[in-house]
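Subject: Handing over a structure

Dear colleague,

I am passing this structure on to you, and my notes on what was found in it follow below. Please have the sequence and the model open while you read.

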Amino acid sequence: MALFKAQNKHFMKRLLLPVAIILLAIPVITTAQKVNSCGYIIPPKSVLKTNFQSVYEARDLVNKMLDTIKWKENFRLREQNGMNNAYATMIQNQRWIVYDNHFLENIDSYASTKWASISIMAHEMGHHYYNHVMSGQGSTLPSEIQADAFSGYLLNRLGATLDQSIAAMSKISPDKASSTHPGKADRLTAITKGWNTGLAEKNGTVNNTGGNNGGTTTPPVQVPNVNDGSWIGLGIQSNRTETVYLSDDGKKFQAAELKAGETFVFKFEIFNYGWLKLPYYNGSRTFKLIHGKDYMILQNRKTKNWTVVEVPE
């Protein structure tokens, strides 16, 4: 989960990106099971020791994960026991993954494999890899699905079987989706797709280069195919990179960077359409975008207001 709230007083003083209220101290009760703010069922306690027993051991394993996909790390690790969680966040303009090693140990025991805790950490790495933590919008269904697929892809590259890769989510993901997190079936499907893509890459049947954060291998969660009629092309009339805001439901928006002279190709994960929010003189304007269409964002040179026009075929 991409989380944007520090979990203790020390972190709270340094936090620069406040987000929606997260109640870690008051778990949601679902069929007698406690669910934390990242949408994970809190597993029963275990006496097992995992690879994340200390921050040094965690660092070694994370470095191995980074080396596997040739990605230069852009985050730090912090151990914080007692919170029953693991999350990606931003604190004082610095990326972090904060984790409870007891929580990870319990997951390994509950799922009966050491790969369970690794998959959770890979999921949090995915949030940093895809810059989900930069939006300031907290968790969304699409970002969680993308991080799940990243986890499946990375675990395949590390040598885990498919069963080992889905073991954690099979045990700690609730069956039903929430407004911020997918249900178990969708999460397992995403992990499986990522794992299968990693397998195909090993077999030489896919070719992916140019990671989002300077790597030479891109975990191919979604490979844009502009000819399949489901992707949206969005360009902007500007000589610099501009930030716009996209949403599946018109309520929760995530930032996206549009580079000058380049078409930003994307697909909304929930609906066949979505919303684009742009600055306007009285605040902002929201535009509806349809799959299979190309759009251009234009600015009025006098008022400096932005608008969107459909690019004719």
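Ring pairs link Trp71, Phe75, Tyr129, Tyr130 and Phe150 into a cluster, where rings of Phe, Tyr and Trp (its six-membered ring) pair if their centres lie within 6.5 Å, and planes under 30 degrees apart count as stacked, over 60 as edge-to-face and the rest as tilted. Please bear in mind that this is a predicted model, in which local features need pLDDT of at least 70 and side-chain atom pairs count only at pLDDT 80 or more, while totals for chains, interfaces and linings use all residues. Residues are numbered from 1 along each chain as its sequence is written, and side-chain values use heavy atoms, with hydrogens and water left out.

A search of the whole structure finds seven aromatic pairs. In one of them, the ring centres of Trp71 and Tyr129 are 4.9 Å apart and the planes stand at 75°, so this pair is edge-to-face. Because Trp71 lies in the loop between helix 2 (55–68) and strand 3, and Tyr129 in helix 4, the pair ties together parts that are 58 residues apart in sequence; helices (H or I, at least four residues) and strands (E, at least two) are DSSP runs, numbered from the N terminus. Tyr129 also forms a tilted aromatic pair with Phe150, at 5.3 Å centre to centre and with 40° between the planes. Both Tyr129 and Phe150 are buried, a word that means under 20% relative accessible area, with exposed being over 50% and partly exposed in between (1.4 Å probe, protein chains only).

Helix 7 (residues 184–202) has 19 residues and reaches 27 Å from its first C-alpha to its last, close to the 27 Å expected at 1.5 Å a residue, the expected span being 1.5 Å times one less than the number of residues. Among the buried residues of helix 7 are Arg187, Trp195 and Glu201. After helix 7 comes Gly204, whose phi is positive, near 80°.

There is also an open sheet of three strands, in the order 3-5-4 and with mixed pairing; two strands pair if DSSP finds at least two bridges between them. Strand 3 (76–79) and strand 4 (86–91) stand at the edges with a single partner strand each, so one side of each is left without a neighbour in the sheet. Strand 4 and strand 5 (residues 94–99) run antiparallel and are joined by six bridges, and Ala88 has Ile97 in strand 5 as its bridge partner.

Best regards
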